[in-house]
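Student: Could you walk me through the disulfides here? I am new to this one.
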Amino acid sequence: MPTLRFSAQRLGTTAALALLLTPTALLAQETSAEQDASNTQNTSAQDNGAAPEQAQSEPVPLVPGTPTWDSFHGQLNAQKYSPLDQINADNVGDLEKVWEVHTGDVSDGSGDLPPTVWSATPVFANDTLYIGTPFYRILALDPATGEQKWSFDTESSLEALTQPALKSRGVAYWEADDPVEGESCQKIVYLGTMDAQLFAVDADTGEKCTSFADNGVLDVNQWNDTHDKWPLSLLQPPTVVGDHLILGWAGKDWAFEQAPPGTVFSINARTGEREWSFNALSEEMREKSGTANVWTHMSADEENGLVYLPISSPSPNYWGGNRTEDVPLATSTTALDVDTGEVVWSRQWVHHDVWDYDINAAPTLMDITVDGEEIPALVQATKMGFLFVVNRLTGEDVWPIEERPVPQGDGSVEGEEYADTQPFPTKPAPLLDQAEKPEVWGLADAVSFGQCSALWDDLAYEGMYTPPTTQGEGALTYPDSAGGVQWGGVAFDPQSQTAIVNTSHIVQYVKLYEREAYEKADSGSGNESGFAPQTGAPYGMRLEVALNWLGMPCWKPPFGEIVALDMKTGDVKWRRPIGASQQYGFFMPESWGSPTIGGPAVTAGNVIFIGASMDAKLRAYSLETGEELWEDQAEAPGVSNPAVYEYEGREYVAFIAGGNSILKDQVGDQVVVYALPEDE
């Protein structure tokens with residue numbers, strides 16, 4: 001059986017004891033051979049000549065003691081929570097726009113530049129609001145007025161090298177615990193580019209930090225040494241844990257059988273030196289497959305020295321005949337020792353993933369009380385609409401997670417060996433019902449003269465995890481790549497122990513084509529839809545959203561919801577449709593809801609803030625009841641997480657309205673900030 005390795009210096013006494021008692025079945029690998037393979041995949045700090053960090057002498061609370069919004073999810077715990085209550089459920093209806101900025105860094109794709117997809121969280125630190133744009137510039141703005149303090153242009157090539165659009169989720173911020181007076185770059189802002197360059201600039205001046213990497217720029221692509229078919233695009237800002245920058249990267253979905261494997265790097269925040277590397281795939285698997293990368297943000301428990309990786313699926317996405325052996329760290333949540341990169345525990349949420357069910361959101365860390373027991377927990381949201389809840393120190397179930405039999409396909413796909421079972425959480429209940437084929441929407445069917453019902457008849461569906469097929473129009477997938485919970489993840493109010501999550505209800509269908517048939521059928525692709533070659537595999541694929549010829553969804557609404565859950569019991573407190581769908585310029589009834597991209601923020605004022613919807617509105621809801629309390633119209637869908645901060649005694653809420661063509665073809669360059677009138 002595998003031996004658990006962890007840093008006793010970094011882990012608290014309680015955590016260390018819990019880990020020693022952890023059943024070996026919950027550890028990262030199931031066999032000693034796999035453990036050995038994993039160990040060889042990690043390059044330690046000592047191997048790279050960097051000194052290991054010293055143990056922290058002071059405990060770091062899970063929830064910061066002061067209002068904090070200095071990272072992508074507000075805080076490293078990914079709770080997206082603010083203790084501020086100046087804006088509350090009683091007065092949020094009085095919010096007014098206090099300033100807005102248009103960056104100019106926007107493209108609708110009609111000219112020489114690709115379209116933009118802008119999903120950056122505004123980062124508040126150093127009495128400044130820092131913004132990263134999809135033209136790979138950094139803006140430092142006055143948090144009260146929006147006046148520009150400085151800007152920095154990476155002068156990156158504006159080419160869609162790995163994505164269908166120019167894309168950025170913003171910046172990361174670091175500052176020294178022991179700043180040296182008079183020295184520059186004691187506070188640093190980092191921005192990555194699509195061509196895999198990580199820039200470090202002084203947070204006060206916007207000047208490059210010449211002591212970081214190569215004159216302020218780290219070429220991450222220098223480590224792209226296996227199946228180098230695309231640059232390791234740095235679209236998600238690094239996760240900053242102490243003096244570590246934890247870097248994942250983005251690539252191309254659905255393109256290749258053999259692809260760059262998804263290495264995660266720990267970089268020294270001051271010097272840019274690589275400290276350790278982690279790979280989810282064994283050396284053997286790296287040669288014939290690829291990806292299983294971390295393309296979204298991560299979360300961390302600083303007191304216990306753990307960083308949590310949401311790991312994606314291996315390549316190719318919709319055929320797994322080249323990877324029929326166990327790949328235990330793929331499509332998982334994996335906890336690493338932040339100082340060494342060694343696996344502490346891992347839970348795989350999809351076995352033999354052939355649905356592109358990447359774990360696409362940072363797990364949210366929370367302390368909850370279940371049956372009178374205080375539990376250091378973690379909630380992992382997924383594309384499947386499942387919320388898996390485990391002990392964040394050990395990976396053990398909080399509520400039972402059951403292995404259940406799943407469909408085995410129709411035999412039309414050669415080389416496949418599907419998993420017999422998949423993990424299903426017993427609590428919380430799935431956010432959407434995948435047990436039976438979703439009901440056809442009568443309105444969409446009627447106006448399309450039965451097109452929807454005819455499509456339904458031609459789609460295979462045996463319930464959740466129906467495998468792809470070559471037959472008919474393919475297999476219905478509910479949800480699939482665009483559905484369930486996206487990378488905005490789960491917000492959490494630690495006072496009431498309430499979790500908030502927005503979810504999309506989207507029906508898609510996937511079909512595999514043998515190579516010759518694919519070459520004849522390929523008619524192009526869009527953003528996360530259409531045809532893709534899976535070059536090297538025997539099958540290309542097509543993934544489509546189930547729409548009629550008018551563009552109406554064929555399945556019954558609602559198309560998106562926001563849900564609040566009592567994490568003491570795992571039960572739903574309330575749920576309601578969120579946003580309004582839009583077609584041909586017309587808004588649909590809000591009772592139908594909208595697909596969503598982006599996530600919520602929650603405050604001690606019992607208010608939830610969120611954009612995320614197709615109608616490009618920004619909203620506030622009551623944490624207690626789900627009642628909508630406020631809204632305003634933005635220039636494009638706010639597909640980023642909002643930020644909540646306090647400056648000079650006034651509470652602000654900041655949104656970025658950048659748009660995403662997965663929702664609709666509407667882009668923006670708007671940073672918009674709200675507060676209560678000054679006399680309140």
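Tutor: To begin with the term, a disulfide is a pair of cysteine sulfur atoms within 2.5 Å. This is a predicted model, where local features need pLDDT of at least 70, side-chain atom pairs count only at pLDDT 80 or more, and totals for chains, interfaces and linings use all residues. Residues are numbered from 1 along each chain as its sequence is written, and side-chain values use heavy atoms, with hydrogens and water left out.

Student: Okay, how many disulfides does the structure hold?
Tutor: There are two disulfides, and one of them joins Cys185 to Cys209, with an S to S distance of 2.1 Å. Cys185 sits in the loop between strand E9 (172-175) and strand E10 (187-192), while Cys209 sits in the loop between strand E11 (197-202) and strand E12 (217-219), so the pair ties together parts that are 24 residues apart in sequence. Strands here are DSSP runs of E with at least two residues, helices are runs of H or I with at least four, and both are numbered from the N terminus.

Student: Is Cys209 buried or exposed?
Tutor: Cys209 is buried, with a relative accessible area of 0%; buried means under 20% relative accessible area, exposed over 50%, and partly exposed in between, using a 1.4 Å probe and protein chains only.

Student: Switching topic, which cysteine is joined to Cys452?
Tutor: Cys452 is joined to Cys554, S to S 2.1 Å.
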